[in-house]
Amino acid sequence: MERIRFLLILLCLFLALSIPTAVDAAKARILIYSATRDFRHDSIPTAIEALKARQDSINAQFDNTEDQTQFTDDVLSNYDTILFLSTTGEVLDSAGKDAFQKYLDLGGTFVGIHSASDTLRNTTFYTDELGSLFDYHPALQNFTVDVLDTTHPSTSMLPVIWGVQDEAYNFKSDPRTLGATVILAANESSYIDAGVRHDQGTPHPLAWFQEKGAGVETGGLGHLNETWQDDLFLSHVLGGISWVLLGNTTRAFNTSGLVGNAQSEATQSGNAPSKASNSTSTSATAGSANSQMTIHS
Ligand SMILES: *[C@@H]1O[C@H](CO)[C@@H](O)[C@H](O)[C@H]1NC(C)=O
Ligand SMILES: *[C@@H]1O[C@H](CO)[C@@H](O)[C@H](O)[C@H]1NC(C)=O
Ligand SMILES: *[C@@H]1O[C@H](CO)[C@@H](O)[C@H](O)[C@H]1NC(C)=O
Ligand SMILES: *[C@@H]1O[C@H](CO)[C@@H](O)[C@H](O)[C@H]1NC(C)=O
Ligand SMILES: *[C@@H]1O[C@H](CO)[C@@H](O)[C@H](O)[C@H]1NC(C)=O
Ligand SMILES: *[C@@H]1O[C@H](CO)[C@@H](O)[C@H](O)[C@H]1NC(C)=O
């Protein structure tokens, strides 16, 4: 009897110790929002399809919607990241804006791509999250992008001088004034733009991140279908999303997270101690609990 009890205790101990290491990393849930009230990019379906086809590569699940009534506390709290994909104009009503702001305040993360920077232009919390608003772009043409940070998860796969065919976005202001780190810059000598630009700082920002709020990455490239069929570009975007998620403010990555994939929280609780110690040691490089990244082109 004693012996059986002892063996049972041993078995329980063994199970308790082995379960955490056997659990897969949590699956992040990402909501793609692609509503448009002004210009509509015809590359939106191509982009959604491409991201969904690669979701396993970052251990994530993408859902997509254009329905602003989905912006409620209940719905948003299930997501580790909200990704604005080529949105334009007033895509949220005031209830939706309130829910989105609350989500960000609770540690939710944000990624903005292409005309995400031409969205909710009068909404201060959103424009602060972006870092800068779109101004205008010259004609679509080929140009080169200088990779300023070659080690970031969203840029490490890129050639140092990256040839793209896209719109070289100009912004209303320099995102660096809000504390953003610019990681991609447009080489202004490599294309024609006769327009009058605002002061957006030097070098010309195209992609950046901010370590404030929760995780945010915004990017301007991504106009054409062809771009969304380009593996290099997609690796850049997916790397940026991964970086934002690794701010570890949401449930898929942090058992104390207030928003994010709750199912992950449940399955992952055995991992809590190691996660927590990892996060403190790397917060300086990965951008702490409060990181934002914006990529524009
Ligand atoms: C881009 O792809 C969409 C289908 O996803 C198609 O409707 C559209 O015509 C394409 N655009 C161009 C310029 O080929
Ligand atoms: C945003 O503000 C500008 C300038 O105050 C105003 O002209 C414009 O109508 C506003 N747009 C929206 C959608 O509120
Ligand atoms: C622009 O780049 C695309 C692919 O990136 C290429 O197919 C095309 O030939 C280039 N156009 C010019 C004018 O160099
Ligand atoms: C910028 O583009 C010009 C023209 O293509 C080229 O001569 C120059 O080397 C480029 N500079 C950088 C830093 O990429
Ligand atoms: C985990 O999430 C909580 C709540 O958002 C936050 O206070 C904490 O800093 C996060 N931990 C890490 C390591 O980021
Ligand atoms: C978040 O957690 C992962 C895995 O434990 C770790 O690699 C990463 O550095 C952490 N990030 C931060 C900002 O602490």
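1. Strands (E, at least two residues) and helices (H or I, at least four) are DSSP runs, numbered from the N terminus. In a regular strand the side chains alternate between the two faces of the sheet. Because 5 of the 5 residues of E3 are buried, the strand is largely enclosed by the rest of the structure.

2. Before you go further, a word on what you are looking at. This is a predicted model, in which local features need pLDDT of at least 70 and side-chain atom pairs count only at pLDDT 80 or more, while totals for chains, interfaces and linings use all residues; side-chain values use heavy atoms, leaving out hydrogens and water. Residues are numbered from 1 along each chain as its sequence is written, and chains are lettered from A and ligands numbered from 1 in the order in which they are written.

3. Now the neighbours of E3. Strands E1 and E3 run parallel and are joined by 4 bridges, with Leu31 standing opposite Ile82. E3 and E4 also run parallel, joined by 5 bridges, and here Phe84 stands opposite Gly112. Strands count as paired if DSSP finds at least two bridges between them.

4. E3, helix H4 and E4 together make a right-handed β-α-β unit. Right-handed means that, with the strands pointing away from the viewer, the path from the first strand over the helix to the second runs clockwise.

5. Two loop residues deserve a look at their backbone. Ser86 has a positive phi of about 50° although it is not a glycine, and it sits in the loop between E3 (81–85) and H4 (94–105). At 1% relative accessibility, Ser86 counts as buried. Leu120 has a positive phi of about 45°, and it is not a glycine either; its place is the loop between E4 (109–113) and helix H5 (124–130). Leu120 counts as buried too, at 0% relative accessibility.

6. Please also check the peptide bond from Thr202 to Pro203, which is cis, with omega near -5°. Pro203 lies in the loop between strand E9 (181–186) and strand E10 (204–210).

7. Helix H2 (residues 44–53) has Ile44, Thr46, Ala47, Ile48, Ala50 and Leu51 as its buried residues. They pack against strand E1 (28–33), strand E2 (60–65), E3 and helix H6. A contact means heavy atoms within 4.5 Å.

8. H6 (residues 231–245) has 15 residues and reaches 21 Å from its first C-alpha to its last, close to the 21 Å expected at 1.5 Å a residue. That expected span is 1.5 Å times one less than the number of residues. The helix is mostly covered, with 11 of its 15 residues buried; among them are Phe233, His236 and Trp243.

9. Finally, the whole chain. The protein chain has 8 helices and 12 strands, and buried residues make up 52% of its 297 residues. Of the contacts with a separation of 6 or more, 78% are between residues 24 or more positions apart. The chain exposes about 13,100 Å², of which carbon and sulfur atoms supply 55%; accessible areas come from the Shrake-Rupley method with a 1.4 Å probe, and for residues only the protein chains shown count as cover.

Notes. Buried means under 20% relative accessible area, exposed over 50%, partly exposed in between (1.4 Å probe, protein chains only).
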